[in-house]
Amino acid sequence: MLTLALILIPLLAVAAIFFCAPALARKITLGAASANLLLAILAITTHCSGVSLNVLESPSIALSLNIFENKGISIVMLILSVVVTLAAVLSGNCPKDREKLWFSSILLISVGAIGAFISTDMFFFFAFHELALIPTFLMIGILGRGDRKEVAWKTTIYLAFGSIVLLAGLLLIVNQIGTFDMTKLEPLAKYQNEVALLLIIGFGTLVSLFPFHSWAAPAYASAPAPISMLHAGVLKKFGLYGLIVVGYKVAPDGMAHWLPLLLVLLLCNIIWVGLVTINQKRLDLMLGNSSVMHMGYIFLAIAALIDNGSTFATEAAVLLMFAHGISIAMSFCLADRIEAKTGSLEINQLGGLAKNTPNLAFLFGLVGMASIGLPGLANFAGEIMVFFSGFENWNAADGFGPLQITTMIAIWGVVISAVYMLRAFRNIFHGDTVRRTEKVTPLSRDEKIPALILGLILLIVGIYPQAILQFFN
Amino acid sequence: MATASLTEYLFFSGLLFAIGLAGVILRRNIIVIFMCLEMMLAAASLTLVAFSRQRIVDGLPDYDGQMLVFFIITVAAAEVAVGLAIIVALYRARKTISTDDLTSLKN
Amino acid sequence: MLWLLFILPLTSAAVIHFLLKQERAGLASKLGTLSSLVCLILGISWILGLFSIPASWSWISVGEFNANIGLIEDSLSKGMMIIVCGIGFLVHVFSLAYMEDDDAKARYFGNLSLFMFSMTGIVLAENFIMMFIFWELVGLSSYLLIGHWYKKDTAADAAKKAFLSNRIGDFGFLIGILMTSILAGSVVFTDMDGASFIGQGTLGTCLASLAVLLVFCGAIGKSAQLPLHVWLPDAMEGPTPVSALIHAATMVAAGVYMMARFFQSIGETFLTNLPALEIIAWIGAITSLVAALMATQQNDIKKILAYSTLSQLGYMVMAVGLLDPNAGMFHLYTHAWFKALLFLGSGAIIFACHHEQNIWKMGGLLKRMPITSITFIIGTLALTAVPLSSGFVSKEGILKAAAGKPLFWIALTVAALTTFYMFRLIFVAILGKAKDDHSKNAKEVEIKMFGPLVILAVLAFVSQYFTGLIPETIGNPIHSFPKVDEFFFYSLGAFAVGFVLAFLFYYNRAKDPISIPLFRNKFYIDELYAGIVKWFQDILAALVHFLDEFIINGLLVGGATRLAQGTGNIFRKYGQSGNLQHYALISGVGILLAIYFTVFA
Amino acid sequence: MPTILFYLFAILMIAGGICVVVMKNPVSSAMGMIGSFIGLAALLIGLNAYFVGTLQVLVYAGAIMVLFIFIIMLLDLKKEEGKEYGGSSVAASIIIPIIFILIMIPVLSAVNKDFTKLDGHALNAAAEKLDKNIPADSHIRKALTGSSDGSKNVDPNKATLPDVNLIGQKLFTEYNFPLQIVGVLLLVATIGCVTLSKKLHGDATDPDEDQRMAKTLAKSTDIPKVTITANAESSDKKA
């Protein structure tokens with residue numbers, strides 16, 4: 001029952017927002033997000049059982065939710081979703097008279113993400129994700145910055161393209177397995193290569209795998225902060241989650257067949273997009289591209305899983321997904337604050353912010369360091385596991401295999417991310433103040449809270465990764 | 001006494017349908033177009049009844065076909081009411097019911 | 001109990017950063033100093049055998065991946081620990097006075113505590129993963145401390161440069177660790193299997209060499225060896241006590257320590273014929289020579305010391321490359337004390353001269369600041385390897401290791417050059433006449449500052465006798481007393497040559513009589529790198545960005561969009577007239593076709 | 001139905017249809033349509049579908065066409081003024097139906113079936129196969145058997161087809177649920193009509209629109225002018 005409540009509470013809150021005065025919207029959303037956080041914790045600690053409501057007899061589709069399926073990956077993704085949702089509710093400035101749209105969108109994306117991560121039925125797994133795309137589209141199109149309409153369309157068409165390819169793949173699976181039930185997935189007897197390719201392209205587009213990545217950065221730069229946080233932090237992980245819990249289960253051989261392709265693409269994600277990131281002049285575009293780049297590492301973990309059945313690649317990938325979700329959400333939250341305070345995100349127009357807002361500088365420094373993989377912060381634990389997973393089962397007598405070479409090149413990404421992140425940090429926070437940053441005030445308590453929540457989690461998981469890893473069985 | 005066969009009924013029903021279609025394509029007056037649509041609907045009804053009569057179930061015509069016609073007539077009544085209301089509203093807004101001037105579907 | 005070595009500085013850093021902040025800076029500085037004092041006491045008690053090593057703590061344990069946080073106890077870690085704690089404590093005390101009026105004193109002490117924590121981690125790490133963790137963390141604290149005065153563009157840039165150079169080194173280091181974890185079968189130092197590390201045949205040797213070189217990349221970054229040395233001179237933008245602690249005595253030496261520990265774990269016998277070692281030795285030698293040459297033409301007192309540090313680090317690396325890590329570690333140990341002394345001394349001078357760093361504007365300090373000056377000269381004597389000083393014996397060990405190879409002559413040249421540039425500094429800045437108002441009005445510093453100087457000055461001459469404290473590892477055994485043999489005279493000769501030349505050129509000069517732009521401009525390596533970064537990285541990034549926008553976004557995505565739009569436009573133009581009849585016509589045709597295909601096809 | 005009658009009504013139907021299409025005056029079109037529907041209704045009755053045929057006349061020719069004519073009058077539609085039909089649309093409107101017929105011919109030639117005769121014997125036989133739930137004294141049985149008490153005294157000469165009763169029986173048993181839904185549909189349509197004819201705020205771009213509309217209404221119908229003006233004024237105030 002608790003599991004169902006995780007979905008129902010935000011939905012009811014959306015209904016309540018629809019009928020209540022706009023002034024109450026924030027409170028309702030906050031209440032729902034907090035309630036969801038508590039519920040999630042309760043559900044995990046009490047080992048609550050899943051629910052299953054039959055929707056269709058044949059083919060059998062059921063709204064079945066269970067957070068303890070999928071080797072505990074769902075638990076981690078659930079925690080990520082509820083935490084980032086709470087932070088997203090608290091961040092950003094809602095424009096006047098748009099409260100209903102703003103807060104109901106946040107909740108709907110949250111429902112979509114949570115639903116996708118905890119449902120054990122492929123139909124709902126897919127449908128929930130699609131549900132979350134609608135508010136994303138609306139929020140970018142209505143409340144976005146810059147070229148918002150074009151960006152909204154581009155993003156939506158890209159994601160729809162990915163979804164359709166993915167749907168084809170899923171239907172091919174269902175056609176053979178005969179059920180939507182994810183717990184009954186097994187390696188397919190035939191068409192593994194085709195399914196694997198469809199899934200890699202479909203899920204890959206959703207995760208901005210090279211060359212389907214060019215939607216991500218503009219979308220995150222344009223979307224209002226909470227939407228960027230939720231999409232980049234949580235929803236984007238859907239594709240990776242899907243590759244692990246569906247792709248690898250149904251088509252291990254097919255995936256292995258496409259492994260060289262995947263390796264090349266993920267390297268492009270890291271190196272190519274990394275270089276693109278270095279050349280960005282705006283902080284939000286830079287963060288957007290960096291999030292694309294970091295997806296490469298998670299794909300690397302998946303590649304390791306495919307290549308040598310590494311014993312900890314799944315955990316590495318999920319830990320990195322979690323860490324990246326938290327850190328990118330925090331980055332967007334703070335970038336939004338920088339823009340609110342200075343009116344610009346052009347890196348060259350800013351400078352010396354550390355003097356007037358030491359707490360913003362500290363928090364941004366924290367998340368910047370997290371994203372370049374500094375030990376003690378969650379991302380490092382994930383990254384080092386990913387790299388080690390690439391070398392697990394390496395047979396030195398054969399020299400380097402493709403996976404090892406990929407891993408070694410991928411590590412250069414650590415340098416690239418340090419280059420752009422430090423450059424941005426140095427230009428925005430260090431140096432002397434410029435006209436824009438002269439009268440900036442430090443973050444207030446309310447502005448600090450979401451970043452603090454996320455930062456604290458980064459620290460805790462970074463110092464004690466078992467906090468997350470313990471959920472795997 | 002010879003009676004007309006199924007084929008003849010179907011033929012005339014088809015003819016009526018074709019005339020209706022021609023009207024829809026030809027006419028510019030939206031009310032007449034609407035009438036032609038109704039005519040096409042009626043032609044379809046005739047086909048249904050003809051087949052209903054043709055198909056004997058337990059010694060009686062298959063009344064399922066006639067049921068369908070019954071519902072078609074009911075729904076058509078509703079449709080006409082709403083359609084005409086729309087036409088009136090349209091006329092009020094645009095002061096014309098000629099389809100040549102009603103091209104807001106373009107672009 | 002030993003966990004306190006970690007917990008204390010970390011707690012101190014956290015408390016200072018989050019609770020005390022600048023409002024209670026005085027308390028913050030005292031807390032930082034206190035924690036370092038307790039750490040020193042703990043460290044000494046540990047060496048005296050009062051504590052034993054606690055059990056390790058599982059950091060990550062998933063599948064086959066286990067990473068522990070655990071401590072290692074041997075002569076190497078003990079000796080290194082005493083350097084870190086000892087100099088750390090003295091630098092804290094020195095900083096109390098030096099940073100008295102800084103408007104971010106709390107942040108300074110917080111970061112210093114963070115550094116102490118990280119450095120302790122490197123020293124006591126029982127495995128490569130843990131070492132890498134703290135390796136990165138010292139990088140962070142170094143970044144923060146170099147960028148302490150971040151409002152100055154030079155400081156902010158220097159901090160960034162330091163971090164990035166280290167990152168490039170860590171890129172190799174991490175790959176090296178990955179390879180080692182498989183080749184040697186473990187990342188835990190005590191569990192590494194030298195035989196399997198070397199492997200069989202040419203491939204095995206190649207892989208092992210590659211692994212050693214990649215691990216050495218970490219040392220190149222952290223110990224500022226060629227070609228990643230550029231960050232260390234720039235790092236002098238940080239406060240001087242930081243330079244003494246981090247960029248002279250401890251962190252930059254961590255590379256040497258790490259290589260020594262790595263070699264000790266693999267075992268001497270397996271490494272003997274590895275081609276990688278030759279490369280390491282040569283990199284060290286070239287670094288030391290190049291840095292010494294650069295030092296001869298610098299005018300900034302801290303820059304001279306920085307290049308000197310580079311040069312000495314090159315020495316140590318050379319010793320490691322010559323498979324005598326023992327000599328390297330011994331030099332590291334003695335060098336730590338006297339180089340910290342020199343840096344702190346220069347800090348005192350700079351402080352007294354109101355942050356004047358140009359040696360040509362100093363002079364006559366011996367009279368005005370006798371204690372500082374004398375201790376500085378003592379440090380110089382130790383660095384230039386005067387017999388009986390600690391530097392003499394440790395340098396002799398390295399010379400011995402290099403004996404009979406071309407490297408020996410490089411090492412000897414470097415020794416002479418060291419004497420030359422250090423006495424150039426002494427003659428110009430300490431002796432002679434005051435050349436500037438600042439140096440004329442310089443006063444002796446307070447006890448908090450000269451106290452540590454005196455202690456270090458004593459250690460500069462006696463540290464080699466505390467044999468229990470000297471980190472020992474594989475290689476030739478060290479000896480604290482100089483033996484009178486050929487190396488003694490070589491060493492003495494080098495000193496004499498350097499001293500005489502310095503005396504001839506610089507005694508009582510007001511202007512630099514020699515001008516070698518190549519050396520002054522550091523062989524133009526910075527410019528070269530700036531060019532590479534600009535032309536290679538930035539242009540490449542711009543190019544890739546352009547391609548990304550143009551090909552992927554413009555041609556592929558944009559092309560697909562335009563194709564869809566174009567098709568749509570054609571249909572819109574001809575198909576969508578807005579006229580109902582047209583639609584009816586089209587649907588009529590459609591119906592006909594549907595009938596045709598269902599009935600006849 | 002005798003063939004001659006069949007052709008008579010069929011031609012009436014088609015002629016009416018053609019009238020609808022070619023008459024320029026919408027009222028004439030509507031009249032043609034009524035004729036067409038009457039012909040159609042006769043054909044339906046010829047198919048023994050008495051009820052549906054009646055319905056066709058009552059609902060279509062009666063109610064719906066009245067509605068059409070009412071609207072034509074309301075909107076005061078004259079002949080289509082000076083609207084020339086383009087040659088292409090005339091051609092299309094001729095060619096497409098012809099192709100349609102041409103396609104239909106081979107289909108129909110394949111279906112050459114005569115209707116089964118529904119004479120007294122057939123009806124008597126059908127009575128045997130009726131649903132057992134239909135009671136013996138029901139009108140259906142009585143009519144089919146041609147007797148006054150249902151099952152006994154079967155008389156082929158008196159047997160008639162109880163068309164309405166059968167439809168009623170089907171409608172309230174098998175098609176009960178759709179019937180209810182259609183009721184809802186009609187309600188929705190009613191509400192829809194009301195909503196549509198209500199004037200929305202601010203959709204009158206022309207301030208004189210209400211007045212003009214009122215005049216039109218007054219001209220074409222017999223509603224007193226005063227009421228309309230009052231209505232128009234009140235809606236003006238609302239806007």
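Two residues are in contact here if their C-beta atoms, placed from the backbone, lie within 7 Å. This is a predicted model, in which local features need pLDDT of at least 70 and side-chain atom pairs count only at pLDDT 80 or more, while totals for chains, interfaces and linings use all residues. Residues are numbered from 1 along each chain as its sequence is written, and chains are lettered from A and ligands numbered from 1 in the order in which they are written.

**View 1. Helices α10 and α13 of chain A pack together.** Helices (H or I, at least four residues) and strands (E, at least two) are DSSP runs, numbered from the N terminus. In chain A, α10 covers residues 237–250 and α13 covers residues 283–308; their axes are 10 Å apart and the packing angle is about 10 degrees. That angle makes α10(A) roughly parallel to α13(A). Axes are lines fitted to C-alpha atoms, for helices over the stretch in contact, and angles run from 0 to 180 degrees between N-to-C directions. Angles under 35 degrees count as roughly parallel, over 145 as roughly antiparallel, 65 to 115 as roughly perpendicular and the rest as oblique. Look for A:Leu240, A:Leu243, A:Ile244 and A:Tyr248 in α10(A), which meet A:Ile298, A:Ile302, A:Leu305 and A:Ile306 in α13(A). The contact of α10(A) with α13(A) has eight nonpolar, no polar and no charged residues. Ala, Val, Leu, Ile, Met, Phe, Trp, Tyr, Cys and Pro count as nonpolar, Asp, Glu, Lys and Arg as charged, and the others, Gly among them, as polar.

**View 2. Helices α14 and α17 of chain A form another packed pair.** Here α14 (residues 313–342) and α17 (residues 378–391) of chain A have axes 8 Å apart, at an angle of about 150 degrees. The two helices, α14(A) and α17(A), are therefore roughly antiparallel. Among the residues in this contact are A:Leu319, A:Leu320 and A:Phe322 of α14(A), along with A:Met385 and A:Val386 of α17(A). By class, the contact of α14(A) with α17(A) has 11 nonpolar, five polar and two charged residues.

**View 3. Chain B meets chain D.** Of the four pairs of chains that touch, chains B and D have the most contacts between them. Chain B brings 68 residues to the contact and chain D brings 76 residues. On the side of chain B that touches chain D, α1 (6–26), α2 (30–54), β2 (60–61) and α3 (63–94) each supply at least two residues. Of these, α3(B) gives the most, with 23 residues. That side of chain B divides into 49 nonpolar, 12 polar and seven charged residues.

**View 4. Chain B also touches chain C.** In this view, 10 residues of chain B are in contact with nine residues of chain C. The largest share of the chain B side, three residues, comes from α1(B). The chain B residues divide into five nonpolar, three polar and two charged.

**View 5. Chain A does not touch chain B or chain D.** The closest C-alpha atoms of chain A and chain B lie 18 Å apart. For chain A and chain D, the nearest C-alpha atoms are 22 Å apart.

**View 6. Chain D has 10 helices and zero strands.** Follow chain D from the N terminus and its elements run α-α-α-α-α-α-α-α-α-α. Among contacts in chain D between residues at least 6 apart in sequence, 45% join residues at least 24 apart.
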